[in-house]
Amino acid sequence: MAKKKATFVCRNCGYETSGWMGKCPSCQQYNTFDEVKEERTMPESAKPSLKAGWIAERGTSKLSEVSKEEEPRFSSGITELDRILGGGFVEGSLTLVGGDPGIGKSTLLMQVSGAANVSGEILYVSGEESKSQIRMRADRLGISRESISLCSQTSFEHISDLITERKPGLCIIDSIQTLYSEEIASAPGSVTQTREVTAGLLRLAKSLNVPIVLVGHVTKDGAIAGPRIIEHMVDTVLYFEGDGSSSLRMLRATKNRFGATGEMAFFEMTQEGLRCVENASALLLSGRPHMAPGSVITAVVEGTRAILLEIQALMSPTAYSNPQRMTQGLDRNRVSMLLAVLESKCRVGIANMDAYINVVGGMRIDETACDLAILCAVYSSFSGKPLRENTLVLGEVGLTGELRPVSDLEKRISDAARLGFSACVLPGASKSAAERLPVKIEYIYVDRLSEVIDILFS
Ligand code: TYD
Ligand code: MG
């Protein structure tokens, strides 16, 4: 007899509990729990592809005796993508590409199909679009590679047979949430289906050495399971970032079993698809307002590169009993803390003001090196005084209002100097490091938050 154990899994983030909950304690979303009845044994009818494990070794090996060959890789044909993958796709690996609907996942993967350095067949499986829709997109992107085969299919069993039979050089599944397995009695897009089908594809990828790329939609309404619930199974996780208002698209590697994480690729969405952007800072700063109160430029380090970006703040008297704290691209708790430091250490009366703080361009940042820039934007909006032009602001803010040094100064400052910045506001503790840099830029050293206000806005 199969033993059934009921658990409840959050569709959005994969959080598991033994009882139903209205609000997920992990991702704070409401009404996202699905009951998942786990069968402890597979039904007799289950296909070998679902049943068998791909690792079936009995003995053990000494660590020192295991060969340490580099995994064979092939180029995706897209330079920025290769860079964040660590040199291209690894053979037999399972990669997840996640992002909001319409951000460019299918476009990117069609471009990969057209340009990837593989000799075999490229199998593009779509459960979302008809073949003619895919053909039209390929035409728009100028892709007419002979070795691309299209398949409109959502049955895992069919796709599994197809992959086993053809052993393609690359397989793309668009999207994982549309697939279903007949063996599993729950709806396509549910937590159980999505997990089991991913596990099946993982076994296929490893046992046949076929690289598989999965598309995963990040959904807001929570009706279907989000890609986070399969992150732990795949080898590599790439997420798209970007907002609808700009053509800039970022792709971040949040997990990579074959390379570094934290690297970020930049693309521009054009009429001819996604184009690699080498100088992301220039694109992010283009069209920024000059001498506008509330706008401050800072630099973040993503992997091996520094990126300059604009932080905007708008402070306005509140109409509510609890002032609003809205952020986009920033951690709201961190921003609340910073606002409290500004209020109490510099006696700036912002307690009765709504604060709206954005990172321009749709990027998400979690570096503390941007603390000071956030508060400069807030104070600049509050006082109506712009920061002087072409000035970069760097520094972490502590709870006592002290400023702490930032890492990777050279990357950040040389990028700014290249783009014509003439001055940089820095914590005093970074002085010795800054003075050693071969960049000609004026440094303004500050030790405390209160000093910053006196020096920059008086
Ligand atoms: P798509 O790749 O279909 O998004 P996803 O698969 O992530 O849901 O991209 C959809 C958007 O991209 C759509 O709004 C149109 C735009 N687009 C371009 O601007 N240029 C192009 O060449 C293509 C193919 C799409
Ligand atoms: Mg799509």
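This is a predicted model: local features need pLDDT of at least 70, side-chain atom pairs count only at pLDDT 80 or more; totals for chains, interfaces and linings use all residues.
A residue is called buried here when its relative accessible area is under 20%, and exposed when that area is over 50%, with partly exposed in between.

**Helix H8**

By that criterion, the buried residues of helix H8 are Val335, Leu338, Leu339, Val341, Leu342 and Cys346. Because they cover an arc of only 155 degrees around the axis, they are placed on the same side of H8. The cover over these buried residues includes strand S17 (325-328), strand S18 (353-359) and strand S20 (396-397), together with helix H9 (371-383) and helix H12 (449-457). H8 itself runs over residues 332-346, 15 residues in all, and its span from the first C-alpha to the last is 21 Å, close to the 21 Å expected at 1.5 Å a residue. Just after H8 comes Arg347, whose phi is positive, at about 50 degrees.

**The site of ligand 1**

Around ligand 1 there are 16 residues, of which Gly102, Lys105, Ser106, Thr107 and Thr270 come nearest.

| Residue | Part of the residue | Distance to an oxygen atom of ligand 1 |
|---|---|---|
| Ser106 | N or O atom in the side chain | 2.6 Å |
| Arg137 | N or O atom in the side chain | 2.8 Å |
| Gln271 | polar backbone atom | 3.0 Å |

Taken alone, ligand 1 exposes 560 Å², and 75% of that is buried by the protein. Helix H3 (105-115), helix H4 (131-140) and strand S13 (264-270) are the elements that each give two or more residues to the shell around the ligand, and the largest share, three residues, comes from H3.

**Arg145**

Arg145 is located in the loop that lies between H4 and strand S8 (148-152). Its relative accessibility is 23%, and Arg145 therefore counts as partly exposed. Although Arg145 and Gly114 are 31 residues apart in sequence, their C-alpha atoms are 6.0 Å apart in space. When neighbours within four places in sequence are left aside, Arg145 is in contact with Ser113, Gly114, Ala115, Ala116, Val118 and Ile122. With Ala116 there is also a polar pairing, in which a polar atom of the Arg145 side chain lies 2.9 Å from the backbone oxygen of Ala116.

Technical notes: Residues are numbered from 1 along each chain as its sequence is written. Chains are lettered from A and ligands numbered from 1 in the order in which they are written. Side-chain values use heavy atoms; hydrogens and water are left out. Helices (H or I, at least four residues) and strands (E, at least two) are DSSP runs, numbered from the N terminus. The expected span of a helix is 1.5 Å times one less than its number of residues. Buried means under 20% relative accessible area, exposed over 50%, partly exposed in between (1.4 Å probe, protein chains only). The arc is that of the directions from the helix axis to the C-beta atoms. Contact means heavy atoms within 4.5 Å. A residue is near a molecule or strand if one of its heavy atoms lies within 4 Å of it. A polar contact is a pair of N or O atoms within 3.5 Å; within protein, one must be able to donate a hydrogen and the other to accept it, and residues adjacent in sequence count only if both atoms are side-chain atoms. Accessible areas come from the Shrake-Rupley method with a 1.4 Å probe; for residues, only the protein chains shown count as cover.
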